[in-house]
Each structure stands twice: as C-alpha cells, then as structure tokens.
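Open the model in your viewer and keep the selection tool at hand. The stops below run in order.

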Amino acid sequence: MRTDMKIDSQGTPVDGDEMLIRLLCSPLQYDKETRQVSIDAFDLRMMGKNHDNPEHFASLGRRTAFGGEDEFMEYLQKGYSIWNDKEWEENEYYGHGTFLCKDALTTSEMVEIHPLKGAAQHIGMFYAKNDDEYYKGPLPKDQLDVFEMLSDLAGLISDTVVVAPARL
Amino acid sequence: MELSEVLVLKEEDKQFSVRDAISEIRQMAIDALTYVKRYVAGGTLVALLMWGSYQQSAGSVALIDKAPLEVVVDNGLQQPEVLSTAYYYQYDRFAQKMVQLGQLHDGWDGNGALAPSPVSLESIGIIVNSLPKSVLMHCALFPANDAGVYLQGRFQEGKLSVYVQKTQMTYIAKTAERREAMKNIAVNEESATHLSELVSMLFA
C-alpha cells in the first residue's frame with residue numbers, strides 16, 4: 001500500500017470542490033504571450049544543496065485554510081523565495097494558478113491529493129508509481145501517461161495564472 | 001529589434017501613405033532595415049505598415065497591440081513587394097527564447113533543475129523550423145528541469161505538447177475528437193516534417 005511519512009492521515013481530507021493553489025517555481029514556467037504554463041509546473045523537483053533531495057509531492061495551497069487576505073498574500077510571497085535566483089531582478093513577477101481538486105484528480109489515476117503534517121494550508125499532490133510507492137523527483141516525461149498528466153495539470157491553471165511583483 | 005517597438009503608422013482607419021510613413025519613421029526605418037535584412041534577401045526598406053491600436057508618449061509612437069505586420073520592400077522592380085512578417089515576428093520571438101534557454105545554468109528554478117542541453121536545443125530548433133507560422137504563433141518554449149525542452153501549443157481546437165530530450169522527442173497532439181501521440185522518436189527532418197503536417201491538419 002502506498003504511503004508517505006508527510007501525509008497527515010488524521011488531517012481533514014481535501015474535498016473535490018476545494019480551490020487549490022499552485023505556486024509557479026520560476027517565471028520561466030509561464031508564457032505571457034500564449035498564456036501557457038510549463039508542463040514542469042506540477043513536476044517534482046530535486047532539492048537540497050547538492051540537488052540530491054527529490055521531492056515526494058508537489059506542494060499546493062488550500063484556499064479555505066487561509067485565515068485572511070494577509071495570510072494568503074504571505075503564502076504567495078513564498079513563490080519568490082522558491083525561485084529567487086540571484087540573476088533575476090528582485091521585482092520580477094511571481095505567479096500562481098488556482099484549480100479545483102476534482103479537476104486535478106480527473107487528469108490521471110496517478111494523482112492523489114492529501115493533507116500534510118504541519119500547516120493546515122499546505123497540502124500535497126502525490127503521483128502513484130505503483131501499488132507500493134509514489135514517484136520521487138522529476139517524473140519520466142518520456143512515458144506518455146506521465147507526460148499527458150503533467151500537460152493536463154499545467155493546462156488546468158493556464159487561464160487562472162496571476163502574476164504580480166514579487167514584493168507587495 | 002523587437003517588432004513590438006516598431007512605429008504604428010495607421011491611425012484607426014486612416015492609412016498613412018508611404019511617403020508619410022518614411023517621414024515619420026526615419027530613424028526607426030534604419031533600425032527596421034537592419035531587422036528586415038536579417039530575414040529578407042536583398043531589398044531596401046520602403047515603409048513599415050502596421051495595423052493596430054497605438055498610444056503616443058513622449059513624442060514616440062509605440063505599438064500596443066499585436067496585429068499583422070506588412071513590410072514593403074523595394075526590390076528594384078517597379079512595384080514594391082509587400083511581405084507578411086507576422087512569421088518573422090514569431091520566429092524572432094522563438095529565436096530570442098532559444099538564446100535565453102541557451103544561457104540558463106543548472107539551478108535555474110532556484111533548486112536542482114538542469115539547464116537545457118545544447119543537443120536538446122538543437123533538436124527543438126529543428127522542430128521549430130519545421131512548423132508553419134500559423135502554428136508557431138500559438139506556441140511557446142519552456143526549459144524542462146531535466147536538461148530537455150518543451151514546445152507547447154495552445155489552439156482553439158486543442159493543444160500540442162512536445163518534449164525533447166537530446167535527440168529524442170515525445171509528443172501529444174489533442175483535439176476534442178482526436179489524439180495523436182508518439183514517444184521517444186528521433187528528431188530529424190523527417191519526423192519534424194511529419195509533426196508539422198500533423199499539427200497543421202489538427203490546428204490549422
């Protein structure tokens with residue numbers, strides 16, 4: 001049976017009609033001309049100083065869990081801290097997109113969305129690799145089912161992306 | 001030079017004459033001539049005509065709307081030749097993006113993303129060059145986090161997703177009625193042409 005130590009099995013399950021948020025990890029993940037989001041937007045990344053710590057899930061925000069607008073804006077600021085490469089200007093935009101949980105779940109049977117241990121606003125999108133485990137790290141895009149899933153997930157938020165200066 | 005910086009010469013329904021155009025864009029014409037020469041073999045720029053809305057600021061006129069651009073080129077014949085440069089605008093956008101992708105380094109996402117490999121960039125270039133302008137204008141390039149490159153197209157009829165990793169590509173073209181997909185095929189003139197014909201049929 002698939003499990004992950006980060007999943008909060010006691011937490012409030014994510015309802016299909018809940019609005020979820022995905023922060024874009026880099027300005028390079030959004031094209032303003034064609035209003036498209038990169039297929040990588042929902043992929044798992046390699047983290048850590050030595051790039052040896054693969055992500056187990058794609059981090060999402062749970063809209064209903066934010067106490068107010070200030071708290072929500074503080075969450076959006078995290079997008080800047082994720083991709084803040086020294087080569088980018090500090091006032092470069094960050095972006096986020098919103099989507100319904102049920103719409104993400106219908107893109108693929110691989111997709112699972114679970115509450116995480118820690119902050120209530122933080123939930124995770126997991127990708128089932130097989131009956132026993134989830135994917136870790138960048139997904140194999142040369143597999144058509146994975147490629148199509150990531151493409152459809154990116155398409156979910158293409159029309160909802162909001163970009164704004166990194167510093168509000 | 002960005003085509004978006006080219007002066008707009010048509011005010012609403014009023015179309016400037018070629019003579020007016022030349023007097024208005026003297027300096028810009030010089031820059032534009034350089035641009036045109038990049039893509040047009042020979043010819044002397046006579047005028048730039050663009051249809052779209054514009055705004056005037058600090059004595060200059062700037063395009064704020066993307067509209068079909070026509071370039072009038074004096075090719076030495078009696079009638080100047082009018083070329084559509086909508087394709088060149090789109091191609092230039094891709095050329096600039098290719099340069100940007102080529103300048104990325106590992107960690108471009110703030111974490112462990114790998115920069116696109118030169119081989120992947122070369123392969124995506126083969127594909128971009130094979131696609132018609134009617135398709136390219138709806139497409140965008142993105143770096144993949146594994147040294148590959150994506151070409152993504154968004155159309156009224158559906159979407160195109162292409163993933164290039166070195167000399168291999170995987171693609172999915174989807175409309176409401178049809179889905180075409182291939183994985184791990186070699187990128188070459190033949191496969192690029194096949195892809196071009198497919199997307200032209202689906203999204204033209």
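Predicted model: local features only at pLDDT ≥ 70, side-chain atom pairs only at ≥ 80, totals over all residues.

Residues are numbered from 1 along each chain as its sequence is written, chains are lettered from A and ligands numbered from 1 in the order written, and side-chain values use heavy atoms, without hydrogens and water.

**Stop 1: the interface**

Select chain A and chain B. Contact (heavy atoms within 4.5 Å) joins 35 residues of chain A to 39 residues of chain B. The two chains bury about 3,000 Å² between them, 50% of it on carbon and sulfur atoms. Buried area is the accessible area (1.4 Å probe) that two parts lose on being put together, summed over both. Now pick Leu28(A), Gln36(A) and Leu144(A). They supply 21% of the area that chain A buries against chain B, more than any other three residues.

**Stop 2: charges across the interface**

The rule finds 6 salt bridges between chain A and chain B. A salt bridge is a side-chain nitrogen of Lys or Arg within 4 Å of a carboxyl oxygen of Asp or Glu. Select Lys174(B) and Glu148(A): they form a salt bridge, with the closest N and O atoms 2.9 Å apart.

**Stop 3: a cavity**

The structure holds 3 cavities of 30 Å³ or more. A cavity is a set of points, on a 1 Å grid over the protein atoms alone, where a 1.4 Å probe fits but cannot get out; lining residues have an atom within 4 Å of a point. Volume here is the space filled by probe spheres set on the points, which are joined across faces, edges and corners. Its lining includes Arg22(A), Asp43(A), Arg45(A), Trp108(B) and Asn145(B).

**Stop 4: a link within chain A**

Lys141(A) lies in the loop between β9 and α3 of chain A and Asp43(A) in the loop between β3 and β4 of chain A, so the pair ties together parts that are 98 residues apart in sequence. Helices (H or I, at least four residues) and strands (E, at least two) are DSSP runs, numbered from the N terminus.

Terms used: 1 Å grid on protein atoms, 1.4 Å probe; cavity = no way out; pocket = protein on both sides within 12 Å on 5 of 7 lines; lining within 4 Å.
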